[in-house]
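Work through the exercises below with the sequence and structure at hand. Try each task before reading its solution.

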Amino acid sequence: MSRTITITRPDDWHLHVRDGAVLNDVLAHTAAQFGRAIIMPNLKPPVTTVDLAKAYEARIQKALKQLEISHFSPLMTLYLTDNTSADEVKKASENSIIGFKLYPAGATTNSDGGVTNIKKAYSALEAMQRFSVPLLIHGEVTEQAIDIFDREAVFIDRILDPIRKDFPELRIVFEHITTKQAAHYVRDANTNGKNTLAATITAHHLLMNRNSLFTGGIRPHHYCLPVLKREEHRIALVEMATSGNPRFFLGTDSAPHPKGEKESSCGCAGCYTAHNALGLYAEAFDRVGKLDRLEGFASHYGADYYNLPRHTETITLVNQPQAVPFEYPMGKSTLVPLRAGETIGWSIAS
Ligand code: NCD
Ligand code: ZN
């Protein structure tokens, strides 16, 4: 007999939906599971001002209307640059912008306009602290001399810890953490009893280690940033996600790319998991016998951190293997989802 689990409707605290025709394709997947999602601002050009974010939100709302989806709310972010002003931070705080995203320049997809030196963003960080606007961090240094598998751990020592010392009241989310060092840093940080530090964890980092990049050949659809790490790091992430510690919550980092841009001589970074993200998370929690911890991680702690109400409706997941298609439409192209041509052990009950 198949098992089921019913949980409060979850939210995705880190999501890429892109723009234009792609919106309709990917939003339908996310909205079938989640009530809200934090929308990443790394468009081309990036979403750097409140006005640009409002226009982007309107395009998302239009797509939702076309899809006849009424229960889903996008939460908008701004892309932090060397030139973000304190005035823009204040305006963001008055216009329901959920946070600013720090991309170190060159760290990942569409991050060329990111921060070149964290000191250049200090007046914006000071304003974010003052107006209580969270800073969402892509935590990797970009120096070519630093091994790509070490870039997150080095970021903690060189950038994150100094920011926390200089801005002790700044609210920070360490996004899509991938290492034991990040997991333990967030777990052990002294925040003086305040809600100032949290982390999101993706489903793919809970389910795969870096061997998955090379199983039987090179696997471009398993390449994302921060890149998958060793098994010991995956285990540490699973421990944190399933620990019931409210500092850790769900953020899929689902990142659609056209198939041809992934399957290329220089394939871009990003895993697409929105088609059944919750099923993937349920699989990860079930593997370690901690399904009872899924609801806090997926549906409670993120809302609490962002001072938003928890949803009142529920969703039910069932552990019947769900076949994943080889491709989904993506605007004029297609995208290859995680587990394409295979199955996911859990899915939303219809
Ligand atoms: C993201 C994307 O494609 O926008 N890619 C990824 O590998 N995660 C960017 C990001 O979040 O780093
Ligand atoms: Zn991302």
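A cavity is a set of grid points where a 1.4 Å probe fits but cannot get out, and its lining residues have an atom within 4 Å of a point. The model used here is predicted.

**Exercise 1.** State how many cavities of 30 Å³ or more there are, and describe the largest cavity.

Solution.
- Step 1: The count comes to three cavities of 30 Å³ or more.
- Step 2: The volume of the largest cavity is about 120 Å³.
- Step 3: Its lining consists of 17 residues, and those nearest the centre are His16, Thr108, Thr109, Leu225 and Asp253.
- Step 4: Sorted by class, this lining has five nonpolar, nine polar and three charged residues.

**Exercise 2.** Find the volume of the second largest cavity, then sort its lining residues by class.

Solution.
- Step 1: The second largest cavity holds about 70 Å³ of space.
- Step 2: Its lining includes His221, Lys262, the run Ala255, Pro256 and His257, and also Gly270, Cys271 and Tyr272. Val336, Pro337 and Leu338 line this cavity too.
- Step 3: Gly counts as polar and Lys as charged. The lining has seven nonpolar, three polar and one charged residues.

**Exercise 3.** Describe how helix α1 and helix α2 cross and which residues meet.

Solution.
- Step 1: The axes of α1 (residues 22–31) and α2 (residues 50–66) come within 9 Å and cross at roughly 70°.
- Step 2: Angles of 65 to 115 degrees count as roughly perpendicular, so α1 and α2 are roughly perpendicular to each other.
- Step 3: The crossing of α1 with α2 is right-handed.
- Step 4: From α1, Leu23, Asn24 and Leu27 meet Tyr56, Arg59, Ile60, Ala63, Leu64 and Gln66 of α2.
- Step 5: This contact has six nonpolar, two polar and one charged residues.

Terms used
Residues are numbered from 1 along each chain as its sequence is written. Chains are lettered from A and ligands numbered from 1 in the order in which they are written. This is a predicted model: local features need pLDDT of at least 70, side-chain atom pairs count only at pLDDT 80 or more; totals for chains, interfaces and linings use all residues. Side-chain values use heavy atoms; hydrogens and water are left out. On a 1 Å grid over the protein atoms alone, a cavity is a set of points where a 1.4 Å probe fits but cannot get out, and a pocket is an open set with protein on both sides within 12 Å along at least five of seven lines; lining residues have an atom within 4 Å of a point. Grid points are joined across faces, edges and corners, and a volume is the space filled by probe spheres set on the points. Axes are lines fitted to C-alpha atoms, for helices over the stretch in contact, and angles run from 0 to 180 degrees between N-to-C directions. Helices (H or I, at least four residues) and strands (E, at least two) are DSSP runs, numbered from the N terminus. Angles under 35 degrees count as roughly parallel, over 145 as roughly antiparallel, 65 to 115 as roughly perpendicular and the rest as oblique. A crossing is left-handed if the near helix is turned anticlockwise from the far one by less than a right angle, and right-handed if clockwise. Contact means heavy atoms within 4.5 Å.
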